[in-house]
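Trainee: Can you walk me through this model? I'd like to start with the terms.

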Amino acid sequence: MSNETLKIPQATAKRLPLYYRFLKNLHSSGKQRVSSAELSEAVKVDSATIRRDFSYFGALGKKGYGYNVNYLLTFFRKTLDQDELTKVALIGVGNLGTAFLNYNFLKNNNTKIEIAFDVDASKVGTYIGDVMIYHMDDVEAKIVESGVQVAILTVPAPVAQNITDKLVRANVKGILNFTPARLNVPSSIRVHHIDLAVELQSLIYFLKHYSTEETEIE
Ligand code: ATP
């Protein structure tokens, strides 16, 4: 993936999809340039951070002009592999997994859940939208066959590591882990961890203990 060739800081890389989505909207409304202040207001990232981020992309905003929307869009599209469809597998078709299968990721990204897996016999062999649910017994073979490189984990925590080991054997390169389990993977595999309960708790903690002025926006 292009992140390997392009050495930008991880925190910057994480903000790319946010910038990309906003710039796409600007572009479709016919806007050709945007100031860092406008961007800052829209994506809620402070403008100094935006200027620093954009300097990594070779996009130097001009005073009184701002940034060229077309230039940035072309850059983001290339960097985020938007021209290439990324196939994703979903493991665990419970409440959260079902919601992801029903969500149209193609709306904002060139990403599609192609295939899903579960152990529940009542789910195996059924479809959600156009995605077929296979049995976990077939996970390695099916993932290799379909060329999927990214997996979303929405299974109960106790089975997450075992499933991860299978995904690693099937050559999956990235895992988006929605379980509370901390996963052990070889260093060549990237895991992003999203624990919704922890995020919610942390938001509530910040609301109680800090004013928004004191809070650093990531
Ligand atoms: P539900 O209401 O359908 O049980 P849930 O999100 O509350 O959903 P969880 O217990 O978190 O339930 O399980 C999520 C999904 O993961 C379920 O569909 C379950 O069948 C599936 N699952 C459980 N164990 C495994 C496993 N080893 N491999 C793949 N999927 C699994």
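Mentor: Contacts come first. Two residues are in contact if their C-beta atoms, placed from the backbone, lie within 7 Å. A residue is buried if 20 or more other C-beta atoms lie within 10 Å of its own, exposed if 12 or fewer, and partly exposed in between; again the C-beta atoms are placed from the backbone. Helices (H or I, at least four residues) and strands (E, at least two) are DSSP runs, numbered from the N terminus.

Trainee: And where does the model come from?

Mentor: The model is predicted, so local features need pLDDT of at least 70 and side-chain atom pairs count only at pLDDT 80 or more, while totals for chains, interfaces and linings use all residues. Numbering starts from 1 along each chain as its sequence is written.

Trainee: What does H6 pack against with its buried residues?

Mentor: Those residues pack against S3, S4, H7 and strand S6 (131-135).

Trainee: Which residues of H6 are buried?

Mentor: Val139, Lys142 and Ile143 are. They cover an arc of only 100° around the axis, so they sit on the same side of H6. The arc is that of the directions from the helix axis to the C-beta atoms.

Trainee: What's on the face turned away from that buried side?

Mentor: Exposed residues Ala141 and Glu145. Just after H6, Gly147 takes a positive phi of about 70°.

Trainee: Now H7. Which residues are buried there?

Mentor: Ala160, Ile163, Thr164 and Leu167. Their arc around the axis is only 105°, which puts them on the same side of H7. Asn162 and Arg169 are exposed on the other side.

Trainee: What covers the buried residues of H7?

Mentor: The cover includes S3, S7 and strand S8 (174-177). Just after H7, Asn171 has a positive phi of about 70°.

Trainee: Zoom out. Which residues touch the most other members of the largest nonpolar core?

Mentor: Ala89, Leu90, Ile91, Ala116, Ala151 and Leu153, in a core of 26 residues. A nonpolar core is a set of buried Ala, Val, Leu, Ile, Met, Phe, Trp, Tyr and Cys residues joined through C-beta atoms within 7 Å.

Trainee: Which elements each supply at least two residues of this core?

Mentor: Strands S3 (86-91), S4 (111-118) and S7 (150-153), plus helices H5 (95-102), H6 (139-146) and H7 (160-169). There is also a second, separate core of nine residues, including Tyr19, Val34, Ile50 and Tyr67.

Trainee: Back to Ala89. What does Ala89 touch?

Mentor: Glu114, Ile115, Ala116, Phe117, Ile143, Val148 and Ala151, not counting residues up to four places away in sequence.

Trainee: Switching to H1 and H2. How do their axes cross?

Mentor: The axes of H1 (residues 10-28) and H2 (residues 36-43) come within 11 Å and cross at roughly 110°. Axes are lines fitted to C-alpha atoms, for helices over the stretch in contact, and angles run from 0 to 180 degrees between N-to-C directions. H1 and H2 are therefore roughly perpendicular to each other, a label for 65 to 115 degrees; under 35 is roughly parallel, over 145 roughly antiparallel and the rest oblique.

Trainee: Which residues make the contact?

Mentor: Leu18, Tyr19 and Phe22 of H1 meet Leu39, Ala42 and Val43 of H2.

Trainee: Last one: how many helices and strands in the protein?

Mentor: Eight helices and nine strands. Buried residues make up 22% of the 218 residues.
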